Amino acid sequence: MIGTVNRVLLGLAGLILLVVGGAVLATGLGLSVPSWWPFDGKDDVLLSRSDRYRWRDEGWWWPTVIAVLAVLVLLALWWLLAQLRRARLTEVLIDSGDGEGALLRGRALESALGSEAGNLDGVSEAKVGLTGRRTAPQARIRLLMEPHAAPRQALRGLTDEALAHARTSAGLDELPAEVRLKAVKHRAERVS
């Protein structure tokens, strides 16, 4: 989700900056611009004195400007914090029984779960990612299914074997998983 929002926001910002910058450059070079464009010559300024003072005496102007700027600052802050948040879980806290606990590397659990899921019948490849908190991890699993695979059997094997082994070996009460199945592209077989 964050990657999609980033692409859309950066694309829109880039497009707006490209259009405005190109139009300002065209005006500065003396090229003709549309009649509605606020700049009409090399010596023109962005906001004239009359434009700056036009709304000054209106009671709604400054609260509106401040509210819009506050919303923009909050959106920018939310976007920055979303960038700093890690998408993948780096470690899982395991209850070792002595009150101390132990840390398991997230990549190690992902690798073990992925290799066991990849060995299931009908699964060509398995990719696993851990998200959530380190005390309550969640798994995102993508299975690439072979043409002859039965999805129900693959899901049952994943739940009963791979996820159960990962849950018991990490000492977790539960390990929720989101599983996505995708078929391997293959050519149609001819039957004679």
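**Salt bridges, rings and a helix face**

Modeller: In this predicted model, Lys-127 and Glu-125 join their side chains in a salt bridge, with 4.0 Å from N to O.

Biologist: What makes the contact between Lys-127 and Glu-125 a salt bridge?

Modeller: The cut-off asks for a Lys or Arg side-chain nitrogen within 4 Å of a carboxyl oxygen of Asp or Glu. Lys-127 and Glu-125 are at 4.0 Å, N to O, so the pair counts.

Biologist: How do you know whether Lys-127 and Glu-125 are buried, partly exposed or exposed?

Modeller: Buried means under 20% relative accessible area and exposed means over 50%, with partly exposed in between. Lys-127 has 43% and Glu-125 has 35%; both values lie in between, so both residues are called partly exposed.

Biologist: Where is Glu-125 found, and which residues is it in contact with, leaving aside its neighbours within four places in sequence?

Modeller: Glu-125 belongs to strand E3. With those neighbours set aside, its contacts are Arg-142, Leu-143 and Leu-144. Ala-82 is 43 residues from Glu-125 along the chain, and their C-alpha atoms are 30 Å apart.

Biologist: How many salt bridges does a search of the whole structure find?

Modeller: It finds three. One of them is formed by Arg-134 and Glu-91, whose closest N and O atoms are 2.7 Å apart.

Biologist: What makes Arg-134 and Glu-91 a link between distant parts of the chain?

Modeller: Arg-134 lies in the loop between strand E3 (123–132) and strand E4 (137–145), while Glu-91 is in strand E1 (residues 91–94); 43 residues separate the two. Arg-134, at 36% relative accessibility, and Glu-91, at 27%, are both partly exposed.

Biologist: Thr-131 is in strand E3. Why is Thr-131 called buried?

Modeller: Its relative accessibility is 17%, and the limit for buried is under 20%, so Thr-131 counts as buried. Beyond its neighbours within four places in sequence, Thr-131 is in contact with residues including Ala-87, Leu-89 and Arg-140.

Biologist: How many aromatic pairs does the structure hold?

Modeller: It holds one. Trp-60 and Trp-61 form this pair, 5.8 Å centre to centre and with 80° between the planes.

Biologist: Why is an angle of 80° between the planes called edge-to-face?

Modeller: Ring centres must lie within 6.5 Å to pair, and planes over 60 degrees apart count as edge-to-face.

Biologist: How do you know that the buried residues of H4 line one face of the helix?

Modeller: The buried residues are Gly-106, Leu-109, Glu-110, Leu-113, Gly-114 and Ala-117. Seen down the axis of H4, they fall within an arc of 125°, so they line one face. An α-helix has 3.6 residues a turn, so residues three or four places apart point the same way.

Biologist: What do the buried residues of H4 pack against?

Modeller: They pack against E1, strand E2 (102–105), E3, E4 and helix H5 (151–170).

Key
Residues are numbered from 1 along each chain as its sequence is written. This is a predicted model: local features need pLDDT of at least 70, side-chain atom pairs count only at pLDDT 80 or more; totals for chains, interfaces and linings use all residues. Side-chain values use heavy atoms; hydrogens and water are left out. Rings of Phe, Tyr and Trp (its six-membered ring) pair if their centres lie within 6.5 Å; planes under 30 degrees apart count as stacked, over 60 as edge-to-face and the rest as tilted. Buried means under 20% relative accessible area, exposed over 50%, partly exposed in between (1.4 Å probe, protein chains only). Contact means heavy atoms within 4.5 Å. The arc is that of the directions from the helix axis to the C-beta atoms.
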